[in-house]
Amino acid sequence: MMIKKLTSLAIIALICVTGINAQSETFKVPLSWHMLDPIKDSVYGVSVNKCYEELLKGKTSQKVIVGVVDSGADTLQEDLKAVLWHNPKEIPHDQKDNDKDGYIDDYYGWNFLGGKSDTSNVTEDTRESTRFYFQYKHQFENITDSTQVPQKDRNNFRTWLQAKNIELTTTEAAKEASAIERISSLLPQISDFSKVLLKDTFSLEDVKAYEPIDRKTSAEKQIYTILLEKVAPGTTNITLPGKLSSLMDSLKTANQLPETAPPAYRQQIVKDNYDDFNDKYYGNSNISAGDVMHGTHVSGIIGASRDNGVGMDGIADNVALIEVRTVPGSGDEHDKDVALAIRYAVDHGAKVINMSFGKPISPNRNWVEGAIRYAQKHDVLLVHAAGNDGEDITGAPNFPTQFYGPNNSESFDNVITVGASGAMQDDLVAEFSNFSKTDVDVFAPGVQIYSTLPGKDNYGSLSGTSMASPVVTGVAAVIRSYFPKLTAPQVKQLIMASVTKINFPVINPATGEETKLSDLCVTGGIVNLYNAIKMMQSHQFPLNSGKK
C-alpha cells in the first residue's frame, strides 16, 4: 500500500528552514496545477492543457485501455462513469462467465480481494513484513548465523531478517525515536534562536509566547515547540540535548517485536490456495468494495472525462479504465494478487498499467516478474510509484521493480518508475518521495493533486508518489493513443527523453541538502507531455528500437 509517511514534521521543518522565496510567498498554486506548463503558467506541471491546445487539436486518436491495479473505484462517480472499461463480452449481473475467461460478471474489471460473494471482501490487511516474520519465526528465531540454515532456505532466512528489521523499525516507539532524531538534527541550524528570543536560556513557555516574524522563525518555533513538549517540564534549550538523548535511549529500550501473529485477513475471506499460482479464479466482480478513495483518485488523474463541464479533467482524452482491485485499504498487497492483476489487465487489452503501490519485501517476486514478462511480451507499459518514505531506494527496491536477475543486474524495458514533484522551484522534489539515481526514472507532479473522490460529485487533493505515477500513466496513454505504432519500450524512452530538465538545485528528501535532480533520478527531469508530442510531430525522436 502506498499511502504512508506522506508528511514528516522533521522534513517539513527542514524545508521551511532552508527558506522560501518571494514567489512562493505570493503565488497561489492553481487547483489542477499538474496540467499546466512551466513557462506559460509558472508551475512545474506536465503541459497537458498546452499540448491539447497547440499540438493535438483536431488530431485523431485511438482508444487506449489502461489497467488500474489499485483499491478499486467508485463506478458512480460522475467524472469516471464514461471512461470506465466495460467488458464487451460480459453481461453484467447475470451470474455467468459469458466470455469464458474464468471470472464471472467481470464487467468493470475484477476484485482479487473478494470472496465468492460480492459482499465478502478484504478491507484491511497487514504489512508483508509482518506476515513473513510470523510465517518463519518458528524456523529462524533461534538462528544466529546463516551457515546454520540449509542452502535451500537461505533466501527465506535473509528475507526473514529483513522483515524482522522492518518490524523493529515500524513500532510506535521506533517511529517516535526516529522522528525525534530527525527533528533534533535540525537544532544546529537554528542555534541563533536564543538571539531571536533575546534570551540565552529559554523554556517551552518562552517559545510558545514568541510571535514569529517570518516563515523561517515560524519553522524554528515549531521545531523547538515539538521537542520541548516531548521532554519533562522545566527543560530549557541548554538541557534539551541531554533530555532528548535520554528519551531516545528509553524509546529504543522499549522497542519490542510483536509477539502475536495478526489475523490472516485475506485468507479468511478469499479462501484460495495461496501457494498454488494456478489457483487463480478467485475473488469477485465487486470493484467498489471497501475504501476505494485511493483507486478512485488515481483513476481520475489518468482519465477523468475531459471537457464535460464538471469536476476536473483527466490527462488522457480517449481511454477506458480497467479497474483491478488488488490493494487493501490498509496493509500491503499480496504478490499473487499483483501478478494475476497484471495478467488480467493484459489479457483484456490494457496497453498501459498503473501500479500505485509498493512494499520493501516481495517473497514471491518470481510470480510478479513472470507477470511483467507477460506484459512485456504483449507490449504493455507498466508505470510504478517509487514510494513515500523519503529515501534512496538504490539497492533497496520498492517492489514490484523493473530490476531482476542475480543482484538485480537485469531490467525490464517496459517498466518506468516515478518519483513525486511539487509545483514550485522551492519544493520541486516532494519531501516524502523516494528517489534513486539509477532506480527512479523520472519525477512527475505528486503534491496536492486534484482528482475524483468516491461519491457522485466529490473531488479533492491527495499527495504521494501514488499520484505521480498516474500522471505518467496518463501521459503514456495519450502517447499510445495518438501514436499507436510506438512500442511500450519506445513510449518509455520518449517519456524519459522529453522531460523538463531541471538545472537548479533541489532538496534531497533524506538529507535536506541541496543536490541536482539528476542525482535523484535517471533523467534529472519532470515528465512533460507537450515536449513528448512535439518530439514525435517534429520527428526528433529516433524510432530505432523496439519498433513494431
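Biologist: Which residue in β5 is the bridge partner of Asn354?

Modeller: Val383 in β5 is the partner of Asn354. This is a predicted model, where local features need pLDDT of at least 70 and side-chain atom pairs count only at pLDDT 80 or more, while totals for chains, interfaces and linings use all residues. Residues are numbered from 1 along each chain as its sequence is written, and side-chain values use heavy atoms, leaving out hydrogens and water.

Biologist: What makes β4 and strand β5 a pair?

Modeller: Two strands pair if DSSP finds at least two bridges between them. β4 and β5 (residues 381-385) have four, in the parallel sense, so they pair. β4 is also joined to β1 by four bridges, again parallel, with Met355 of β4 as the partner of Val69. Strands (E, at least two residues) and helices (H or I, at least four) are DSSP runs, numbered from the N terminus.

Biologist: Why is the unit of β4, helix α15 and β5 called right-handed?

Modeller: The word means that, with the strands pointing away from the viewer, the path from the first strand over the helix to the second runs clockwise. The β-α-β unit built from β4, α15 (residues 365-377) and β5 has that hand.

Biologist: Which residues cover each face of strand β4?

Modeller: Val352 and Asn354 lie on one side of β4 (residues 352-355), with Ile353 and Met355 on the other, and all of them are buried. Buried means under 20% relative accessible area, exposed over 50%, and partly exposed in between (1.4 Å probe, protein chains only). In a regular strand, side chains alternate between the sheet's two faces.

Biologist: Is Asn87 buried or exposed, and why?

Modeller: Asn87 has a relative accessibility of 4%, so it counts as buried. Asn87 sits in the loop between β1 (64-70) and β2 (109-111). Beyond its neighbours within four places in sequence, Asn87 is in contact (heavy atoms within 4.5 Å) with Asp99, Asp101, Asp106, Tyr107 and His348.

Biologist: How do you know that the span of helix α14 agrees with its 13 residues?

Modeller: The expected span is 1.5 Å times one less than the number of residues. For α14 (residues 335-347) that gives 18 Å, and the end C-alpha atoms are 18 Å apart, so the two agree. Eleven of its 13 residues are buried, so α14 is largely enclosed by the rest of the structure. Just after α14, Gly349 takes a positive phi of about 100°.

Biologist: Where is the kink in α5 centred?

Modeller: The kink in α5 is centred on Phe134, at about 35°. The bend at a residue is the angle between axes fitted to the seven residues ending there and the seven starting there. Phe134 is among the buried residues of α5, and these pack against α6 (154-169).
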